[in-house]
Amino acid sequence: MLREVQKMTATGSHFYGMAVDIDGRNIAIGAPDSTTGRVYVYGAVEQELTGSGFFGVSVSLDNDTLVVGGEGPNRTGYVTVFKYLDDEWKGIQVLNGIHEGDSFGTSLALKADTLVVGVPFSDNEGKHRGSVDVYTKNG
C-alpha cells in the first residue's frame with residue numbers, strides 16, 4: 001500500500017505537477033504556462049528551469065540527463081535536452097518539431113541513450129493520426 005509522505009507545491013506557478021518524473025536522486029516537476037513555463041528539479045541541487053511556450057508540458061529524467069517538452073509557437077513543439085554539469089542543469093540541445101499543430105514533445109520518455117518523443121497531432125498517416133519519433137545519442 002502506498003501512503004502520502006509529502007505534498008510539494010510551488011508559489012507563482014501555474015499547472016505545477018502537469019508532468020513529473022523521478023530517477024533515483026532527482027525529481028523533475030513541470031509547470032507549463034503559455035508565457036513562461038517552469039521545470040523544478042529537486043535533488044542534490046534544487047534548480048528552476050524556465051522556457052517559453054508551455055515549457056514543462058512533459059519531462060523525463062535519466063541519470064544526468066533531463067528532457068523537457070514545450071509547445072512553442074503554433075503548437076509546433078520542441079524538446080530541450082539538459083545535462084547535469086558542474087553542479088547545475090545546463091541546456092545542451094533543442095529538438096524542434098517541423099509542422100505547425102503537431103505538438104512535438106507533448107509526451108516523451110528517456111532511457112539510457114534513447115529518447116522517444118510523442119507527436120500526437122502529426123498528419124503523417126492521415127489527419128491527426130499521430131506519430132512517435134525515436135532519437136539515439138551519437139558519439
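Visitor: Where does V57 lie?
Guide: V57 lies in the loop between β4 and β5, where strands are DSSP runs of E with at least two residues and helices are runs of H or I with at least four, numbered from the N terminus. This is a predicted model, in which local features need pLDDT of at least 70 and side-chain atom pairs count only at pLDDT 80 or more, while totals for chains, interfaces and linings use all residues. Residues are numbered from 1 along each chain as its sequence is written, and side-chain values use heavy atoms, with hydrogens and water left out.

Visitor: And is V57 buried or exposed?
Guide: V57 counts as buried because its relative accessibility is 18%, given that buried means under 20% relative accessible area, exposed over 50% and partly exposed in between (1.4 Å probe, protein chains only).

Visitor: OK, so which residues is V57 in contact with?
Guide: If we set aside the neighbours within four places in sequence, V57 is in contact (heavy atoms within 4.5 Å) with M18, A19, P32, G69, G70, G105 and T106.

Visitor: What about F121, how far is its C-alpha from that of V57?
Guide: The two C-alpha atoms are separated by 15 Å, and V57 and F121 are 64 residues apart along the chain.

Visitor: Switching to rings: how many aromatic pairs are there?
Guide: There are four aromatic pairs, counting rings of Phe, Tyr and Trp (its six-membered ring) whose centres lie within 6.5 Å, with planes under 30 degrees apart called stacked, over 60 edge-to-face and the rest tilted. One of them is F55 with F82, an edge-to-face pair at 6.3 Å centre to centre with 70° between the planes.

Visitor: Which parts of the chain does that pair tie together?
Guide: F55 lies in the loop between β4 (47–52) and β5 (58–62) and F82 in strand β7 (residues 78–85), so the pair ties together parts that are 27 residues apart in sequence. Both F55 and F82 are buried.

Visitor: Can you show me another one?
Guide: F104 and Y135 also form an edge-to-face pair, at 6.5 Å centre to centre and 85° between the planes. F104 sits in the loop between β8 (88–96) and β9 (107–111), and Y135 in strand β11 (residues 131–136), 31 residues apart. F104 is buried at 3% relative accessible area, whereas Y135, at 29%, is partly exposed.

Visitor: New topic: in what order do the strands of the open sheet come?
Guide: The four strands run in the order β1-β2-β3-β4 with antiparallel pairing, and two strands pair if DSSP finds at least two bridges between them. The edge strands, β1 (19–23) and β4, each pair on one side only.

Visitor: How many bridges join β2 and β3?
Guide: Strand β2 (residues 26–31) and strand β3 (residues 36–42) pair over five bridges, and G30 has V39 in β3 as its bridge partner.
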